[in-house]
Amino acid sequence: MADEPLILGIETSCDETGVGIVRGHTLLADALASSVDEHARFGGVVPEVASRAHLEAIVPTMDRALREAGVTIADIDAIAVTSGPGLAGALLVGVAAAKGYALAAEKPVYGVNHLAAHVAVDTLEHGPLPAPAIAMLVSGGHSSLLLVDDLARGVTPLGATIDDAAGEAFDKVARLLGLPFPGGPYIDREARAGDPASIGFPRGLTAAKDLAAHRYDFSFSGLKTAVARWVEGRRRSGEPVPVADVAASFQEAVCDVLTGKALAACRAHGVDTLVIGGGVAANSRLRAMAEQRAQRYGIRVRVPRPGLCTDNGAMVAALGAHLVAAGVAPSRLDLPADSALPLTTVSV
Amino acid sequence: MLVLVVDSSTPAVTAALVEVTADGVVVRAHRCTVDARAHGELLAPQVEAVLAEVGARPGDLGAIVAGLGPGPFTGLRVGLVTAATMGQVLGIPTYGVCSLDGIGHPSAAGTTGSAPLREQSTPPREQDTPARDERVLVAADARRKEVYWAVYDDSGQRIAGPAVDAPAVAAARARELAVTAAVGDGAHRYADVLGLPLRGEPRYPAVFALATLAAERIRAGAPGETLTPLYLRRPDAVAATSRKSVLP
Ligand SMILES: [Zn+2]
């Protein structure tokens, strides 16, 4: 609808420079520049490399987004930007860019929470979120379970990883198996040819004694070590490493824990909708397992398409549109980038 | 023509509006805050403040001048991304100037880093003008016990640098080049090592000098440039080492 607010979103919290444009719940543009290839040889994101890439990419990415949406910056009603959490130097480039655009075009600016944006992006595909909903965000930087009542006002963290993020575990196991970075898509591909039941890898924080203190928390460090020991044991004894079986069994362990805890949270809170976001939500086994298990309890699983699961500007614009529609006041021009922005703060 | 000048290459966060006319540069409004940790918070409100002070709107700007550094990475990018994004929206050219030139140029002498002593286009007073044949070392704090440095002759020509080195290395180069004075916050900080007479001001890139150094391009309507930071250092990036054994 033409009278819905036209919102521009900027994302620079990690290695993707994203500019998205939405009108209400309608996605008009989603331009992305990634520095992922520059980080590949380091096996992880190098913050200064990412920050430099954001500075180079922001202006051309904005140009592409405006062209794709067929609008000018004068048409935009508000600019939303990820102000945290994320890499401090990377966030700073996006926040300064948003302020520059806002200043020059005389538009309001909203500093928003990256994790809440991962939830909001699903509204672009599946419409408004029922309240309350449970959201599970899994990526290379975060693994969280959230209770979402009103996205404009705040989300309640239920649990998070106590060590590695889920995506980080995929990266580390991929490196162990000689697969490229980022590991998620490669593990997913290898796993299709493997037997997920062939190796019984541990499920962190699922034992009764752990559940008492960490009901909705995750731990992937032990799993990663178990995979490393198993693979190394094979290599030492001169046996070949069955890459597909290891990938499938590892992936099964991760997905088992994630879906198990997410659905337990849904049932405990009487919630009938589970939203999954973040880069790991692109994993085919996670999607399938979540669907399958949720069906038993009559819970609906909503997962945006893979391109919207990973970091992008559209998700920031989607959250901005939600905030504008809810009448939330914009941020001030001295809005800081906050690498540790808490989940309880949706907009700054 | 109304021109926005920004620099965030040092602990001083600077935004100013200058009028560039056929025969001079006049500083019309100026905000500078020295705070090494809040560049991202401070710059945009300062830009807004200088516009408000002269009653101008962003659309009244004709060009933007930005200090390209060298400077510690994170803060430096704030000024450049601000200039680049504003220039994009307004469709006006952006011009980069080496931030050390904004300290070492003769037009910077007699101005403080925080406020221009002179707000007209006349040259600096005689006593502020560097003595003839005086070569000056500009040093800015680069953290990690290093300085960003450059050497200028009395006409303001940069004859060495910009580079980043330990202060002792900059001092040795300065001696070779017969430098007779040092200026900039890094020169104050490492005065003992440099062993050169100190010039009190400017400590930070001076708006008048930055604008003066870009004035010819502005008057000529030269095409704007992509603002590329003078990082001088490679990013800290350690390649992932081969995985250590987890077996005992
Ligand atoms: Zn993310």
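Biologist: How many residue pairs are in polar contact between chain B and chain A, with both residues at pLDDT 80 or more?

Modeller: The model is predicted, and the pairs counted here have both residues at pLDDT 80 or more. On that basis, the count of residue pairs in polar contact between chain B and chain A is seven.

Biologist: Which helix supplies the largest share of the side of chain B that touches chain A?

Modeller: Two helices of chain B, α1 (39-53) and α2 (73-90), each supply at least two residues of the side that touches chain A. The largest share of that side amounts to 13 residues, and the helix they come from is α2(B).

Biologist: How many residues of the side of chain B that touches chain A are nonpolar?

Modeller: The contact takes 37 residues from chain A and 36 residues from chain B. On the side of chain B, eight of the residues are charged and six are polar. The nonpolar residues on that side number 22.

Biologist: What area do chain B and chain A bury between them?

Modeller: The size of an interface is often expressed as the accessible area lost when the parts come together. For chain B and chain A, 68% of this area lies on carbon and sulfur atoms. The total buried between the two chains is about 3100 Å².

Biologist: Which residue of chain B meets Glu48(A) in a salt bridge?

Modeller: Over all chains, a search of the whole structure finds 25 salt bridges. Across the interface of chain B and chain A, the rule finds two. In the salt bridge of Glu48(A), the N to O distance is 3.0 Å, and the partner is Arg77(B).

Biologist: What percentage of the residues in chain A are buried?

Modeller: The C-alpha trace of chain A spans about 65 × 45 × 30 Å along its principal axes. Among contacts in chain A with a separation of 6 or more, 74% are between residues 24 or more positions apart. Of the 348 residues in the chain, the buried share is 57%.

Biologist: Is Gln251(A) buried or exposed?

Modeller: Gln251(A) is found in helix α10 (residues 243-268) of chain A. Not counting residues up to four places away in sequence, Gln251(A) touches several others, among them Phe170(A), Ile187(A) and Arg285(A). The relative accessibility of Gln251(A) is 5%, and the cut-off is under 20%, so Gln251(A) counts as buried.

Biologist: Which helix of chain A holds both Glu168(A) and Lys172(A)?

Modeller: Glu168(A) and Lys172(A) form a salt bridge, with the closest N and O atoms 3.4 Å apart. Both are partly exposed, Glu168(A) with a relative accessible area of 27% and Lys172(A) at 29% relative accessibility. The two residues are separated by about one helical turn because they lie four residues apart in one helix, α6 (residues 166-176).

Biologist: What is the distance between the closest N and O atoms in the salt bridge of Glu239(A) with Arg234(A)?

Modeller: Glu239(A) is partly exposed, with a relative accessible area of 38%. Arg234(A) is also partly exposed, at 24%. The closest N and O atoms of their salt bridge are apart by 3.8 Å.

Technical notes
Residues numbered from 1 in each chain as written. Chains lettered and ligands numbered in written order. Predicted model: local features only at pLDDT ≥ 70, side-chain atom pairs only at ≥ 80, totals over all residues. Heavy atoms only, no water. Contact = heavy atoms within 4.5 Å. Buried area = accessible area lost by both parts, 1.4 Å probe. Salt bridge = Lys/Arg side-chain N within 4 Å of Asp/Glu carboxyl O. Polar contact = N/O pair within 3.5 Å; in protein donor to acceptor, adjacent residues only side chain to side chain. Nonpolar A, V, L, I, M, F, W, Y, C, P; charged D, E, K, R; others polar. Buried < 20%, exposed > 50% of the residue type's maximum accessible area, 1.4 Å probe, protein only.
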